[in-house]
Amino acid sequence: MKDCENLATCGFFRKHLEAKTLACQGFIRQYCQGDKQDDCKRKIYKQQHGVPASDDMLPSGQLLAGHEK
Ligand code: SF4
C-alpha cells in the first residue's frame, strides 16, 4: 500500500506524527499509510471543499478536543 498522496501537506499527519500519541499513530498506520486512506474524512473534506480540514479533525471525521500540545 502506498502512502496517502496528501501525506506531505496534511495538517493532521504533520501535527500528530510528532505528538506520537498511540491513538494518532494508529490512525496514521491505518489511514495515511494503510488501506483505509480512501475512507479518510479529511481527504474527502478536501476533495469536497477544496481546502484542508482543521488539523484536529481525525481521519474518522471526529474532532479532537483538548489535545495536548
Ligand atoms: S489524515 Fe487522511 S488526508 Fe491526511 S495524510 Fe492521512 S489519510 Fe491522507
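Student: Which helix does His 49 lie in?
Tutor: This is a predicted model, in which local features need pLDDT of at least 70 and side-chain atom pairs count only at pLDDT 80 or more, while totals for chains, interfaces and linings use all residues. Residues are numbered from 1 along each chain as its sequence is written, and side-chain values use heavy atoms, with hydrogens and water left out. Helices are DSSP runs (H or I, at least four residues; strands are E, at least two), numbered from the N terminus. The helix of His 49 is H3.

Student: Is His 49 buried or partly exposed?
Tutor: Buried means under 20% relative accessible area, exposed over 50%, and partly exposed in between (1.4 Å probe, protein chains only). His 49 has a relative accessible area of 47%, so this residue is partly exposed.

Student: How far apart in space are His 49 and Gln 30?
Tutor: In sequence, the two are 19 residues apart. From C-alpha to C-alpha, His 49 and Gln 30 are separated by 24 Å.

Student: Where does the ligand sit?
Tutor: On a 1 Å grid over the protein atoms alone, a pocket is an open set of points with protein on both sides within 12 Å along at least five of seven lines; a cavity is a set where a 1.4 Å probe fits but cannot get out; lining residues have an atom within 4 Å of a point. A molecule sits in either one if more than half of its atoms lie within 2 Å of its grid points. By that rule, the ligand's site is the largest pocket.

Student: How much space lies in the largest pocket?
Tutor: Grid points are joined across faces, edges and corners, and the volume is the space filled by probe spheres set on the points. For the largest pocket that gives about 190 Å³.

Student: Which helix gives the most to the lining of the largest pocket?
Tutor: The lining has 17 residues, and Cys 4, Asn 6, Cys 10, Arg 42 and Lys 43 lie nearest the centre. Helices H1 (11-19), H2 and H3 each give two or more residues to this lining. The top contributor, with three residues, is H3.

Student: Which helices do the buried residues of H1 pack against?
Tutor: The buried residues in H1 are Gly 11, Phe 12, Phe 13 and His 16. Contact means heavy atoms within 4.5 Å. The packing partners are H2 and H3.

Student: What helix is included in the cover over the buried residues of H2?
Tutor: In H2, Cys 24, Gly 26, Phe 27, Ile 28, Tyr 31 and Cys 32 are buried. Their cover includes H1.

Student: Which residues is Asp 55 in contact with, leaving aside neighbours within four places in sequence?
Tutor: Asp 55 is in the segment after H3. At 36% relative accessibility, Asp 55 counts as partly exposed. Asp 55 and Lys 15 are 40 residues apart in sequence, yet 7.2 Å apart from C-alpha to C-alpha. The contacts of Asp 55 are Gly 11, Phe 12, Lys 15, His 16 and Arg 42.

Student: Which residues does Met 1 touch, not counting those up to four places away in sequence?
Tutor: Met 1 lies in the segment before H1. Its relative accessible area is 66%, so Met 1 is exposed. Met 1 touches Gln 33, Gly 34, Asp 35 and Gln 37.
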